[in-house]
Amino acid sequence: MCLGIPGRITAITDAGRQMALAEVSGVRREVNLACVADDGPLEALVGQWVLIHVGFAMAVIDADEAARTLDALRELGEAQEAVEAMAAGQRALEAGR
Amino acid sequence: MKYASEFRDPKAARALLAEIARVADGLGATRARPVAIMEICGGHTHSIFRYGLDKLIHEGVEFIHGPGCPVCVLPMARVDEAVQIAERPDVIFTTFGDAMRVPGHVKSLMQAKASGADIRMVYSPLDALELARRNPDREVVFFGLGFETTTPSTALSIQQAAREGVRNFSVFCNHITVPEPIKALLDDPHMRLDGFIGPGHVSMVIGIHPYDFIARDYHKPIVVAGFEPTDLLQSVLMVLRQIAEGRAEVENQYARVVPEHGNKVSLAAIADVYEKRPSFEWRGLGEIDASGLRIRDRYRAFDAEEKFGIGYAAGPRVHPEPEGCACGAVMTGRIKPTACPQFGKGCTPEMPLGALMVSSEGACAAYWQYGGARAAAE
Amino acid sequence: MLRDTHVTLAHGGGGTAMRDLIEEVFTDVFTPPGMEDQARLMEAALQEPGARLAFTTDAFVVTPLEFPGGDIGTLAVCGTVNDLAVGGARPLWLSAAFIIEEGCEVALLHRIVASMAREAAAAGVRIVTGDTKVVGRGAADGLFIATSGVGVIAPGRELGATRLRPGDVILVSHWLGDHGATILAARGDLALEADLQSDCAGLGHLMADVLAAAPGAKAARDATRGGLAAVLNEWAGAADCGIEIEEEALPLRDAVRGICEILGLDPLYLANEGTLVLAVPEAEAPAALAAMRARPEGQGAAVIGRVVAGPQGQVRMRTPFGGARIVDMLVGEQLPRIC
């Protein structure tokens, strides 16, 4: 459950109510920043990627962690490609026999 | 889409599937003796079917679809009460679209709307609060549904209403929690499960430690997962590796969104506004101790149950579920949706009998919509 | 002279107020001006041996009445023109009936009727007869329009889903879901903003070009309510074949993807108002695609899949990882969801 969508904060619209404009794939919607606002100024969140659920930014997406997950996937993918290439080579050899 | 499409890479998915097959073979998992992994969250169920992962994955890995769809586990009696509130002439009843078609004993919210109730779909509880500001002479009630992911949004909306003195706003609270039903499932002697995929967005709020008991007390692995296809496959692989290595730990595949200790502001708002109910009724699972939330006394002015004198506020209730409905057995993983005698006969998405056929996240509706039923028959 | 700024029940009363409304707002705008209760029409193409008359009717309701890319008037003309065109007919004449809610702004009516005149001219059809009724407040949602259309089908032209055979190629003429997504955003209650507009367009010319380029075309439909999924399911059922589409091949704009992600919707079920779905023999697919892309309303055209032998009656979508899922008909309306 719990549809959560990555979006980017583009502007603060109402600092008193902690509201900001977020953009998801070219679609804009006002979201509440209470859950991701530390004690610092709201403006610091502009440009950040957040996870949005029912009109609330629920988490700032950790770019380093995302990169780490993607790196692991990339390594696996490359290893798999090597395995597939080897298997293809093997098949070609066997076919040529 | 950033942070979404990168996690849909077919090459990485193929690699993960190959590695899953290797580990599953090593475990001796077969179609007849599969490793059973429960994805707790309905969002994961939806992703599995949307991307066809159930058909791509090694046949020795079986997904058991868990109870993590708040609409599916909503008891009919609560829908009846929602309809009762919505049909008051002074009320604007607001809800997420998900709840519109859930059947009550008499009617659904969709049918109540057709017969004249002022029911509006909103995207956020803040939109309901805004409606209350604009309609000071009407009572605006929000249908508070969902697990810990959604609970902070209604808590923060109630806090805001209190701060601004918006008196005509209230929440009909049906918020429920994830750890308690998992414990109930694990205590069920019929339960046959080897590991869990943990709910990513619930965990973004509560962190990963509320699942410690699963590893510590029940010795089952659990991996908190994201919702993109490679997220899910990577998490399945992590569960399988734990099993292969004889480990039972709480691991976090979704670290880009889920902090170890959750979200401080959300947890504080939940604690400020809500307290545990002694027990709460789950459709198909019955009453589960301490699994539901109610609004604390200090915010009782915003509690629709208090305001309209219904629900748990009106005393204990027992409402049997429809006869022949096997939602409970499906939700505990005892049977597949297709094994329910009502599946596709007395219970279809057009005329749902049980909750799992209502929401597109329900295991039965997903089977139906994405062809699991027919594929199984083929 | 019509002086009122808003329509009242008097404008439906049969007196001079009604006459002024009808003449100034409606009949004077259409080309040529003036309409009769009964249109008496001649068309040489109908005299040709084997030519057939095509006749269709449709009713239009939409909230809001005006939206980016069109209004209820554009919908009413394009919708009926398209119903004729996808059946292989050349659209000729339209009727239009207006059910107006008391209080409707006259300026709004002017704008909507101007849209209808413009679309009719672009499509090469004439609005030849019509009617207006005024109903009390609350008895209609602003304005309802019903249009009927007549066209002529040239001798030998046969289009229909029963002609589909395995191997036939499926194309769409436009990005999917623009209209449905635009209306969701334009309603305002979900507070979404997007730079999107409805795909609402007459498809008569595009269809004529496609049929010239791909004379062996098997079937055509415009994917309105129920979206692409509804058309393909209907076809698979009628043809006793299966249909397989490729998820990656579906033309989708970023903003439509965005709205679908946010609201948990599936673009396959979103409505379109100017999107042709076409089945052609494989050999004619490149020519059909080129003919679509040569027109402004066909810029998003793409080959999206093909007809397969089975499973019969089933539409399957292949995902980029080689998985597949069944694309079924929708039960009811697609509702935004949070979980």
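Two strands are taken to pair if DSSP finds at least two bridges between them. By that criterion, strand E3 (residues 27–32) of chain A pairs with strand E8 (residues 192–194) of chain C, because three bridges join the two, which run antiparallel. The model described here is a predicted one.

**Contact between chain A and chain C**

- In this contact, 12 residues of chain A meet 16 residues of chain C.
- Strand E3 of chain A gives the most to the side of chain A that touches chain C, namely four residues.
- That side of chain A consists of seven nonpolar, two polar and three charged residues.
- Within the antiparallel pairing of E3(A) and E8(C), A:Val27 has C:Ala194 as its bridge partner.

**Contact between chain B and chain A**

- Chain B contributes 43 residues to its contact with chain A, and chain A contributes 29 residues.
- Six helices of chain B each supply at least two residues of the side that touches chain A: H1 (10–26), H2, H6 (125–134), H7 (151–164), H9 (200–206) and H12 (264–273).
- H1(B) provides the largest share of that side, with seven residues.
- The side of chain B that touches chain A is made up of 22 nonpolar, 12 polar and nine charged residues.

**Overall build of chain B**

- Chain B contains 16 helices and 13 strands.
- Its radius of gyration is 21 Å, close to the 21 Å that the globule rule gives for 378 residues, so chain B is as compact as a globular protein of that length.
- The C-alpha trace of chain B spans about 65 × 45 × 40 Å along its principal axes.
- Of the 378 residues in chain B, 60% are buried.
- When contacts in chain B between residues at least 6 apart in sequence are considered, 76% join residues at least 24 apart.

**Domains of chain B**

- Chain B is divided into domain 1, residues 1–323, and domain 2, residues 327–373.
- The centres of the two domains of chain B, taken over C-alpha atoms, are separated by 18 Å.
- Contact between the domains involves 29 residues of domain 1 and 19 residues of domain 2 of chain B.
- On the side of domain 1 that touches domain 2, strand E1 (35–41), helix H2 (42–50) and strand E2 (61–68) of chain B each supply at least two residues.
- H2(B) gives the largest share of this side, five residues.
- The residues on this side of domain 1 comprise 17 nonpolar, seven polar and five charged.

**Strand E7 of chain C and its partners**

- Strand E7 (residues 169–172) of chain C is covered on both faces: C:Val169 and C:Leu171 on one side, and C:Ile170 and C:Val172 on the other, are all buried.
- E7(C) is joined by four bridges to strand E11 (residues 276–280) of chain C, and these two strands run antiparallel.
- E7(C) is also joined by four bridges to strand E12 (residues 302–308) of chain C, again in antiparallel fashion.
- C:Val169 has a bridge partner in each neighbouring strand: C:Val280 in E11(C) and C:Arg306 in E12(C).

**Nonpolar core**

- The largest nonpolar core has 265 residues, and those with the most contacts inside it are B:Ile20, B:Val236, C:Leu171 and C:Ile259.
- Helix H2 (residues 72–86) of chain C gives the most to this core, with nine residues.
- Not counting residues up to four places away in sequence, B:Ile20 touches B:Ile57, B:His58, B:Val61, B:Leu233, B:Val236, B:Leu237 and B:Leu240.

**Backbone features**

- A cis peptide bond, with omega about 0 degrees, joins C:Thr63 and C:Pro64; C:Pro64 is in the loop between strand E1 (52–60) and strand E2 (66–67) of chain C.
- The peptide bond from C:Gly310 to C:Pro311 is cis, with omega near 0 degrees, and C:Pro311 lies in the loop between E12 and strand E13 (315–318) of chain C.
- B:His219 is not a glycine, yet has a positive phi of about 55 degrees; this residue lies in the loop between helix H10 (212–218) and strand E8 (222–225) of chain B.
- B:His219 is exposed because 10 other C-beta atoms lie within 10 Å, and the cut-off for exposed is 12 or fewer.
- C:Ala191, likewise not a glycine, has a positive phi of about 55 degrees and lies in the loop between helix H4 (178–187) and E8 of chain C.
- C:Ala191 is partly exposed, with 18 other C-beta atoms within 10 Å.

Note on methods: Residues numbered from 1 in each chain as written. Chains lettered and ligands numbered in written order. Predicted model: local features only at pLDDT ≥ 70, side-chain atom pairs only at ≥ 80, totals over all residues. Domains from an automatic or database assignment. Contact = placed C-beta atoms within 7 Å. Nonpolar A, V, L, I, M, F, W, Y, C, P; charged D, E, K, R; others polar. Rg over C-alpha atoms; globule rule 2.2 N^0.38 Å. Buried ≥ 20, exposed ≤ 12 C-beta atoms within 10 Å, placed from the backbone. Core = buried A, V, L, I, M, F, W, Y, C linked by C-beta atoms within 7 Å.
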